[in-house]
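Me: I would like to learn how to read a structure like this one step by step, beginning with the chain as a whole and then going on to single residues. Could you show me the sequence and the model before we start?

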Amino acid sequence: FPIDQYIGGVEHAILHLIYSRFWTKFMRDLGIVRNDEPATRLFTQGMVIKDGAKMSKSKGNVVSPDEMVAKFGADSTRMYSLFATSPDRELDWQEAGVEGVHRFLGRAYRFVMRNAGAAGNASSGNGARSVLSSELSPKARQIERKLHQTIKRISEDFQGRWHFNTSVAAIMEFVNQLYGAEDEISSGEFPPALLADVQRRLVPVEGDAVDGGTSLRRSPSAPG
């Protein structure tokens with residue numbers, strides 16, 4: 001005590017938060033605790049809006065996650081929730097947005113599967129020698145630089161600001177750049193070790209389906 005991190009919706013500011021603050025200050029005045037506030041850090045998340053109103057069972061405008069998962073897969077549904085807006089702002093739920101994320105996951109999945117063989121050479125020991133940046137082709141050097149920039153950006157946005165939407169956007173930008181270099185990748189001009197590093201970063205986006213597993217985060221079929 002105090003709590004390291006408090007996360008709550010804006011409506012909690014006049015209910016749970018006031019209640020917990022009252023009791024914290026009451027116990028402080030009694031000498032039971034020394035802290036003035038119940039939490040060290042406070043984060044207020046935005047609400048989900050649909051058809052211009054707060055999504056609520058009482059309003060009858062709730063979207064069933066089971067329906068979205070059945071239609072687009074769990075990964076697409078969850079990634080849309082992260083990508084649609086920053087967590088401190090209202091999310092205007094749009095099914096078209098889930099469909100768009102589903103298309104992106106399919107695009108990333110197809111790229112990984114098409115180039116899995118070349119990247120697999122690194123893990124099998126064939127051509128796994130690390131390559132210095134100075135030895136890379138200009139296109140491969142651009143991909144390596146973009147990979148490192150993406151990792152840095154996601155780390156800062158995720159850990160420091162909780163801006164998951166910009167983290168997803170960074171991955172989308174990276175996948176677009178990979179597609180721009182696919183001719184060189186498919187022709188074997190990229191070192192397998194670099195491709196394996198790229199694939200390791202993309203596999204968490206795709207779940208276990210990329211390496212043949214069964215993921216609870218995804219629908220049974222790969223994104224199309």
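Me: Of the contacts in the protein chain with a separation of 6 or more, what percentage do residues 24 or more positions apart account for?

Reply: A word on the source comes before the number. This is a predicted model, in which local features need pLDDT of at least 70 and side-chain atom pairs count only at pLDDT 80 or more, while totals for chains, interfaces and linings use all residues. Residues are numbered from 1 along each chain as its sequence is written, and side-chain values use heavy atoms, with hydrogens and water left out. A contact means heavy atoms within 4.5 Å; in the protein chain, residues 24 or more positions apart account for 68% of the contacts with a separation of 6 or more.

Me: How many helices and strands are there in the protein chain?

Reply: Helices (H or I, at least four residues) and strands (E, at least two) are DSSP runs, numbered from the N terminus. The protein chain has nine helices and five strands, and read along the sequence they follow the pattern β-α-β-β-β-α-α-β-α-α-α-α-α-α.

Me: What share of the residues count as buried, and which residues have the most contacts inside the largest nonpolar core?

Reply: Buried means under 20% relative accessible area, exposed over 50%, and partly exposed in between, with a 1.4 Å probe and protein chains only. By that rule, 37% of the 224 residues of the protein chain count as buried. A nonpolar core is a set of buried Ala, Val, Leu, Ile, Met, Phe, Trp, Tyr and Cys residues joined through side-chain atoms within 4.5 Å. The largest such core has 32 residues, and Trp-93, Phe-104, Phe-190 and Leu-202 have the most contacts inside it. Two or more residues come from each of helix 2 (65-72), helix 3 (74-83), helix 4 (95-114), helix 6 (138-161), helix 7 (164-180) and helix 9 (192-206), and helix 4 gives the most, with seven residues. Leaving out residues up to four places away in sequence, Leu-202 touches Phe-111, Val-112, Ile-171, Phe-174, Val-175 and Leu-178.

Me: Helix 7 is on that list, so how far apart are its end C-alpha atoms?

Reply: The expected span of a helix is 1.5 Å times one less than its number of residues. For the 17 residues of helix 7 this rule gives 24 Å, and the end C-alpha atoms are 25 Å apart, which agrees. Among the buried residues of helix 7 are Asn-165, Ile-171, Phe-174, Val-175 and Leu-178. Asn-165 is also 6.4 Å from Ala-84, C-alpha to C-alpha, although 81 residues separate them in sequence; Ala-84 lies in the loop between helix 3 and strand 5.

Me: How many aromatic pairs are there, and what is the angle between the planes of Phe-22 and Phe-26?

Reply: A pair of aromatic rings is described by the distance of the centres and the angle of the planes. Rings of Phe, Tyr and Trp (its six-membered ring) pair if their centres lie within 6.5 Å, and planes under 30 degrees apart count as stacked, over 60 as edge-to-face and the rest as tilted. The count comes to six aromatic pairs. Phe-22 and Phe-26 are stacked, at 6.2 Å centre to centre and with 10 degrees between the planes; both lie in helix 1 (residues 16-29), four residues apart, about one turn of the helix. Phe-26 is partly exposed, at 37% relative accessibility. By contrast, Tyr-80 and Trp-93 have ring centres 5.0 Å apart and planes at 90 degrees, so this pair is edge-to-face. Tyr-80 is in helix 3 and Trp-93 in the loop between strand 5 (91-92) and helix 4, and they are buried, Tyr-80 at 5% and Trp-93 at 12%.

Me: Is Glu-182 buried or exposed, and which side chain does its own side chain contact?

Reply: Glu-182, in helix 8 (residues 182-186), counts as buried because its relative accessible area is 13%. A polar contact is a pair of N or O atoms within 3.5 Å; within protein, one must be able to donate a hydrogen and the other to accept it, and residues adjacent in sequence count only if both atoms are side-chain atoms. The side chain of Glu-182 makes such a contact with the side chain of Arg-114, at 2.8 Å.

Me: What is the phi of Asp-51 near?

Reply: Most residues other than glycine have a negative phi. Phi of Asp-51 is near 55 degrees, a positive value in a residue other than glycine. Asp-51 is in the loop between strand 3 (48-50) and strand 4 (53-54), and it is exposed, with a relative accessible area of 66%.
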